[in-house]
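Subject: Structure handover

Hello,

Here is the structure I said I would pass on. Please open it alongside this email; my notes follow below.

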Amino acid sequence: MKVYTKTGDQGMTSLIGGERVFKTDSRVEAYGTVDELTAFTALLADRLRTDARLEKETDDLNRILSRSMTVEALLAVGENGSDKVAPLPGECVEWLEQRIDAMQAALPAIDKFTLPGGHEAVSLCHICRTVCRRAERAALRADQEHGIDASALVWLNRLSDYFYLLGRTLAMHFGAEEILWIP
């Protein structure tokens with residue numbers, strides 16, 4: 001099977017269920033942005049994989065990668081496709097919330113925003129966080145126009161918080177100065 005099909009040469013693509021839409025469709029924008037997030041998440045996991053002390057974080061990111069693919073599929077559902085992709089189980093969001101709570105409990109409290117930087121891995125977390133926020137906005141636009149499975153929207157909202165706290169956690173792990181924004 002060839003990688004290229006030529007079916008998209010006129011700016012159209014197929015959603016799950018067979019519906020043909022323009023590549024500028026809000027659902028395509030949303031799942032494309034989650035795909036970008038997935039690639040950055042994989043890069044972050046690859047960077048952490050070299051530190052055996054970060055095995056849990058790497059395992060978490062691998063789990064997130066799998067869930068992100070499910071979110072992409074949920075965003076790619078078109079007409080006649082709703083029975084082809086199961087929503088994220090509730091325990092997926094609960095797991096993410098537990099990971100967020102555990103990281104937050106282990107970090108010193110702050111009352112200011114943090115700036116990206118201090119270590120490459122921390123900066124990658126902020127890239128993931130900001131791409132995740134963009135993906136969430138795109139998914140919300142798609143939801144307004146077409147209706148999107150609510151589990152995908154909740155997941156994206158929590159996931160950006162996860163990346164923020166992972167960045168703070170990695171700053172502490174690597175002994176990087178956490179840069180607070182002081183206007």
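In which hand of crossing does α2 pass α3? The crossing of α2 past α3 is left-handed. Please keep in mind throughout that this is a predicted model.

Some detail on that pair. Helix α2 covers residues 55-75 and helix α3 covers residues 90-106. They pack at an angle of about 150 degrees, and their axes are 12 Å apart. Angles over 145 degrees count as roughly antiparallel, and α2 and α3 are therefore roughly antiparallel to each other.

Along the chain D59 and A45 are 14 residues apart, while 8.3 Å separates their C-alpha atoms.

The other packed pair in my notes is α1 with α4. Helix α1 runs over residues 26-48 and helix α4 over residues 120-146. Their axes lie 8 Å apart, at an angle of about 160 degrees. With the cut-off for roughly antiparallel set at over 145 degrees, α1 and α4 therefore fall into that class. Here too the hand can be given: α1 passes α4 in a left-handed crossing. Sorted by class, the residues in the contact of α1 with α4 are 18 nonpolar, four polar and eight charged.

Next, helix α5, which takes in residues 150-174.

Last, the cysteines. A disulfide needs two cysteine sulfur atoms within 2.5 Å. By this rule, the count of disulfides is zero. C92 is in none, as the nearest cysteine sulfur, that of C132, is 15 Å away. Is C92 buried or exposed? C92 is buried, because its relative accessible area of 3% is under the 20% cut-off. C128 is in no disulfide either; for this residue the nearest cysteine sulfur belongs to C125, at 6.4 Å. C128 also counts as buried, because its relative accessibility is 0%.

Regards

Technical notes:
Residues numbered from 1 in each chain as written. Predicted model: local features only at pLDDT ≥ 70, side-chain atom pairs only at ≥ 80, totals over all residues. Heavy atoms only, no water. Buried < 20%, exposed > 50% of the residue type's maximum accessible area, 1.4 Å probe, protein only. Axes fitted to C-alpha atoms, helices over the stretch in contact; angles between N-to-C directions. Helix = DSSP H or I, 4+ residues; strand = E, 2+ residues; numbered from the N terminus. Parallel < 35°, antiparallel > 145°, perpendicular 65-115°, else oblique. Left-handed = near helix turned anticlockwise from the far one by under 90°. Nonpolar A, V, L, I, M, F, W, Y, C, P; charged D, E, K, R; others polar. Expected span 1.5 Å × (residues − 1).
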